[in-house]
Amino acid sequence: MAAKGVGMANKGPSYGLSRQVQDKIDSKYDPELEQILVDWINRQCGSDVGKPEPGKLGFQAWLKDGCILSRLVNSLFPEDKPVKKIQNSTMAFKQMEQISQFLKAAEAYGVSKTDMFQTVDLWEAKDLAAVQRTLSALGSLAVTKDEGTYRGDPSWFFKKAQENKREFSAEQLKAGKNVIGLQMGSNKGASQEGMSYGRPRQIM
């Protein structure tokens, strides 16, 4: 069953500069990415989550209470689900609390703070492009980790470059210091003797 897009009763119209800023933020919202995210969430959580009305307000209304988001992030953890309680509520503070639990769990999964949206970005539809960014980062991490919990087309998200940490033994580190010391020592006796700087410039 499709969720209906709703206007924000507590949001008045924007005027002047604030309207321009909001228009710029809204222009970053990607309808194609919306479709990918909706398809992924349906695969990840099950068809019972339904699908939203197309467009950013439908997308916002679908995710606004935080329950679908909480189910999504829980599905990526093989065990010990981070969001312990998922409860539908029409109360504003309960919905925002549920969104906050999702954000905390997403950060625990590995989403960086710079990729994280703020609760009001979703609940008040302040910046739905930021919501898309967080969900894309979450999808990319799930594909990269490849823990068997990701359900969907791997090509939907970029695979993140994984850090290749190299471990060095104490002997290797000591040997490296010796090489650097030898290089520095060989430069100490260097002088300018025998060095050619080319022909001197002739002044006519």
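Me: In this model, what covers the buried residues of α4?
Reply: This is a predicted model, where local features need pLDDT of at least 70 and side-chain atom pairs count at pLDDT 80 or more only, while totals for chains, interfaces and linings use all residues. Residues are numbered from 1 along each chain as its sequence is written, and side-chain values use heavy atoms, with hydrogens and water left out. Eight of the nine residues of α4 are buried (under 20% relative accessible area; exposed is over 50%, partly exposed in between; 1.4 Å probe, protein chains only). The cover over them includes α2, α3, α5, α6 and α7.

Me: And which residues of α4 are the buried ones?
Reply: Helix α4 spans residues 67–75, and it's mostly covered. The buried residues are C67, I68, L69, S70, L72, V73, N74 and S75.

Me: How many helices does the protein chain have?
Reply: Helices (H or I, at least four residues) and strands (E, at least two) are DSSP runs, numbered from the N terminus. There are zero strands here, and along the sequence the pattern reads α-α-α-α-α-α-α-α. So by that definition the helix count is eight.

Me: Which element has the lowest mean pLDDT?
Reply: pLDDT is the predictor's confidence in each residue, from 0 to 100. Over the protein chain the mean is 81, with 69% of residues at 70 or more. Among the elements, α4 comes out highest at 98. The lowest mean, 58, belongs to residues 170–188, helix α8.

Me: Where does pLDDT stay under 50, and how many contacts does the model have there beyond four places in sequence?
Reply: The stretch is residues 1–10. Counting contacts (heavy atoms within 4.5 Å) beyond four places in sequence, the model has 23.

Me: Is Q132 buried or exposed?
Reply: Q132 sits in helix α7. Setting aside neighbours within four places in sequence, Q132 is in contact with K28, Y29, D30, L33, E34, L37 and F59. Its relative accessible area is 2%, so Q132 is buried.

Me: What covers the buried residues of α3?
Reply: Helix α3 runs over residues 56–63, and its buried residues are G58, F59, Q60, W62 and L63. Among them, F59 is in contact with Q132, which is found in α7. The cover over the buried residues of α3 includes α2 (31–45), α4, α6 (119–123) and α7 (128–145).

Me: At what angle do α5 and α7 pack?
Reply: Helix α5 covers residues 92–109, and the two axes are 10 Å apart. The contact is made by F102, A106 and Y109 of α5 with T134, L135, L138, L141, A142 and K145 of α7. Axes are lines fitted to C-alpha atoms, for helices over the stretch in contact, with angles from 0 to 180 degrees between N-to-C directions. On that basis, the angle is about 35 degrees.

Me: How does Q87 count at 42% relative accessibility?
Reply: Q87 lies in the loop between α4 and α5. Leaving out neighbours within four places, Q87 is in contact with C67 and Q98. At 42% relative accessibility, Q87 counts as partly exposed.

Me: What separates the C-alpha atoms of Q87 and S70?
Reply: S70 is one of the buried residues of α4. Q87 and S70 are 17 residues apart along the chain, and their C-alpha atoms are separated by 9.7 Å.

Me: What share of the residues of the protein chain count as buried?
Reply: The protein chain has 204 residues. Of its contacts with a separation of 6 or more, 58% link residues 24 or more positions apart. The share of residues that count as buried is 35%.
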